[in-house]
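Please read the following briefing alongside the sequence and the model.

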Amino acid sequence: MRSVAWLLLCACAPMVAGPGRVLPVALQYEPNVYGVKVEPLPRREVHRLTPSPLTVLWVEDHVVPLVDVRLVAHCGLLDAPAGQPDALRVAWSTAFDLTRLQALGAEPRAEVRSTLSSFYFSVARPNLEAALALVAEGLTSPHLDADDFALELNLVRASREGPVELARRRASEALLRAGYGHVPGLVTPVAPLDISVELVRSTWARCGAAANLAWTFAGDVDEAAVRAAMRPIDALPLSARLERSWPRAESKPGVWLAPNDVDPGTVLSLCGDGFLPGTDSEPAAEFALSLVVSRLSQDLRHRSGLTYAVTPSLTLDEAGGLACVSLTVAPEQTAVAVEVLFKVFDLFWKDWPVPFMDMSWYKQRARRSAQSEAWAAGDVATVEGPGWDAKKLDARYRQLTNADGVSAFRHMFDPARRRLVVSGRFDASLDWTRWGPVTVIPGPTP
Amino acid sequence: MGLWVVVALVAAQAGASDTKSVEFVSLSNGMRWLLVPRAGEATNGVVVVKAGGIDEQAGATGVAHLLEHLAFAGTPVVGVYSWSQEEDLAKQTLALIDEFAELQRRNKALKPAGRKLLARIEEEEASWRKRTSSRVYQGLATQFRVQLNAWTTKDSTTYWGMFPPEELHFWLAAEAQRFAAPVFRDFRISRQIVHRERLMRGDPLDEAFEGLLAEAFQGCGYAWPTIGLEADLPFLSPSQVSTFYERHYAPGNAVGVLVGDFDPAQVKQWLAETFELIPARPVWPRSPAVLNRPQYLVAPGVEPWLFIAFPRPPARLRSAAAWRIIDALLDRSPSVLDRLCDGDPCSKVVRFQGPGSAEVSLSGVRLRLAPGQTFETLEAAVFKALRDWKPTEAEFAAARAARDVHRLQLERDGMALASALGEALVLQDDWKWVLAPEPVSLREVQDVIDSLTQGRAWVMQVGAP
């Protein structure tokens, strides 16, 4: 069949330019997109440095003499001092001597998420060791230059104070509140900025401990280059790994409303709990989520044009927990979009409308998607833990059955525990109680 | 001192990109291709058409982007059970949508005749949908392990694919087919999806920025956003899209680039069997962007922001190379703009560039007023910082090293390289500068900085209290 499709596509000879004015080939052909076994693209191998007390991974790509370096701390906003989530951001921004790193051509950036944070840059291969030596310096003795520190605080203050940021924060907090309203510090209104050098030092001491970090190198490196680059890091004391348990989603199911007049559309998220990344159940959960998103895309985008995209998301990054599908719709179409959303989730709950061939197709697609993530080597450390085993994960994808999908979906999206989170501009007069008890989320205080 | 020697060595090495490994191919219908063979990796291919927002007419803004979406709806071969059964239905339905769009423009769509027409369109669409599927093209590509995407800018539209080497012929054949004959299936749904995409522009200052562009580029195609204006987008008609396609999707107005694992001789043969079969057509001339004389503007907004923008030369010009070094200097931390926050009050600063890059454009910053600050004091502070800005040799060297890293990143990333080469070739008829080191001196950079004066700036106050 595949060769037939190929031949037909090649039969372009009688083409006449113009929309729809092409002369068709004699045979009519409707390709069967489900019928062909699709092998995933070959994966790029992720190497691990052994023996090493540190988590060090690398992916080789020798096209150009360039290396991406990413330092990941398993430490995020949840670990920041209460009420001062920006302390971690300030720590990353001021710990290293940026002027000297930038002199090497690096443009370092830091990213802080709920459960992890990272510091990353790219350098030309000959500058790799010099760059890592500077990073080691920052880890041993944070730079924390007084002038830089004062400037950074001003920049953070300027970036967080304003009606737009406050409205946005309200929308993003809505998702967290819908699952983790009981967790102190996670969703309480952010206190006025009160960050001292001592606070940053203590935050850094907890998060920047070597045992708490993972390192990835992607690009023009091999084992010898990675060993050489890591030499100054290896010399650091390992200290203690940050230990804490991630919170479980516990707050009440129902409808959570977070109106704001900043977003031009209505953002709808339907969430369930129980998604656990990094565990054996992850492939089945990914698979179930991708099936639901596919079906929602079909009904909400391709058939009706109600939204541009339906996207899956996790509220707590690597800690998992609340898994959501989100979409933006026009305010006047909120009600009809919510109806479709619930209809599809109910359909999956009751009937699991996934024929065997479809399941096989989506399973392969989920597997390919997991593998392409592994290609983005810079991101490897953000998803893996010390026990991470790419081959085992891949095998798990291969073994997935329809029953795994049903089971994962039912674990995550029990109708009694679903949360509909609505933010942005929407019709507040809608009878939201149709979809469960309503909680209106108050805006954060400036 | 030793540190700067290291940087200089690396800069020299990074600048040694091998442009000889890029092969130029010219087809008889005027289409041009660049082939960059690289063993052992997935292949990235792009077709870049010199058709973007700048080529749209007032009243039909957003049409370039809508056409890009419709190009995924299949061809007379892909997505059809029987084209002979579908063809008349397609023409009829699209003609009815044209008619309805005209009623919408005249505000008569809700009248009885309009309602009747809409009901008929819905019937025809349902009937058409029974004979076709707008999703088969994408589905077939996925079956062949081809990832597809596309994007539209003010200057061009790029169709991208990434695939294993053995699927190259499929990609060429499928791309050639939709370039030659896209069918506008599910037209109204695609138009509404694009309209919903407009809702996702989360930045409340987008409207203010659109106002700035409208004034700065009044009278040319850079005056509106690529996604289209709210006044036009919901009413775009099939005939407007068709006209745009006929004018701009000519082989001589497009280029292709392949980066990856292939045999160039084989590719040339396949190009002759696919893209070269598309008949040559005249190329519709592009009207250049014209930047009007600077003005001082005031616009409404939810919070007070000050926009300051300067003319930026087209990407190909040597003076644009100096601008790229300025970008790198501003990417540094702390930059001269960060230093505005050395004391109180401190404004949030966001840089912007646009609307395009092939023509004269704008580069600038927007700054949010801090409590107690006025537009006047903030504006004075920015122009003083620019006046006093004298990058040192060390900062200049670091910025050049950062540019070299950017170029290496571009070379490594097959998709980015293919797109950059394609855009350079189709927009500027020259691609070599993309890979070559740029011989810019600190003096040239300083000259550009010195030209960033109040007299040359577009300034806009947004959301004045």
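Arg316(B) and Asp430(B) form a salt bridge whose closest N and O atoms are 2.8 Å apart, a salt bridge being a side-chain nitrogen of Lys or Arg within 4 Å of a carboxyl oxygen of Asp or Glu. The pair links distant parts of chain B, 114 residues apart: Arg316(B) lies in the loop between strand E8 (305–312) and helix H11 (318–331), and Asp430(B) in the loop between helix H14 (414–428) and helix H15 (432–435). This is a predicted model, in which local features need pLDDT of at least 70 and side-chain atom pairs count only at pLDDT 80 or more, while totals for chains, interfaces and linings use all residues. Residues are numbered from 1 along each chain as its sequence is written, chains are lettered from A and ligands numbered from 1 in the order in which they are written, and side-chain values use heavy atoms, with hydrogens and water left out.

**Salt bridges**

- Over all chains, a search of the whole structure finds 39 salt bridges.
- Arg316(B) is partly exposed, at 34% relative accessible area (buried means under 20%, exposed over 50% and partly exposed in between, with a 1.4 Å probe and protein chains only).
- Glu125(B) and Arg188(B) meet through their side chains in a salt bridge of 2.8 Å, N to O, and this pair joins helix H4 (residues 112–130) to helix H7 (residues 187–199) of chain B across 63 residues; helices (H or I, at least four residues) and strands (E, at least two) are DSSP runs numbered from the N terminus.
- Glu125(B) is buried, with a relative accessible area of 10%.
- Asp388(B) and Lys384(B), whose closest N and O atoms are 2.6 Å apart in a salt bridge, both lie in helix H12 (residues 375–388) of chain B, 4 residues apart, about one turn of the helix.
- In chain A, a network of salt bridges links Asp273(A), Asp414(A), Arg417(A) and Arg419(A).

**Aromatic rings**

- The structure holds 26 aromatic pairs over all chains, where rings of Phe, Tyr and Trp (its six-membered ring) pair if their centres lie within 6.5 Å, and planes under 30 degrees apart count as stacked, over 60 as edge-to-face and the rest as tilted.
- Phe342(A) and Trp435(A) are stacked, at 6.4 Å centre to centre and with 15 degrees between the planes; Phe342(A) is in helix H10 (residues 334–350) of chain A, and Trp435(A) is in the loop between strand E11 (419–424) and strand E12 (438–440), 93 residues apart.
- Phe342(A) counts as buried at 12% relative accessibility, and Trp435(A) is buried at 13%.
- The pair of Phe209(B) and Phe352(B) is edge-to-face, because the ring centres are 5.0 Å apart and the planes stand at 65 degrees.

**A sheet in chain B**

- In chain B, 6 strands form an open sheet of mixed pairing in the order E1-E2-E6-E3-E5-E4, two strands being paired if DSSP finds at least two bridges between them.
- Strand E1 (23–26) and strand E4 (147–152) of chain B stand at the edges, each with a single partner strand, so one side of each is left without a neighbour in the sheet.
- E4(B) is joined by 6 bridges to strand E5 (residues 157–163) of chain B, and the two run antiparallel; Ala150(B) stands opposite Tyr159(B) in E5(B).
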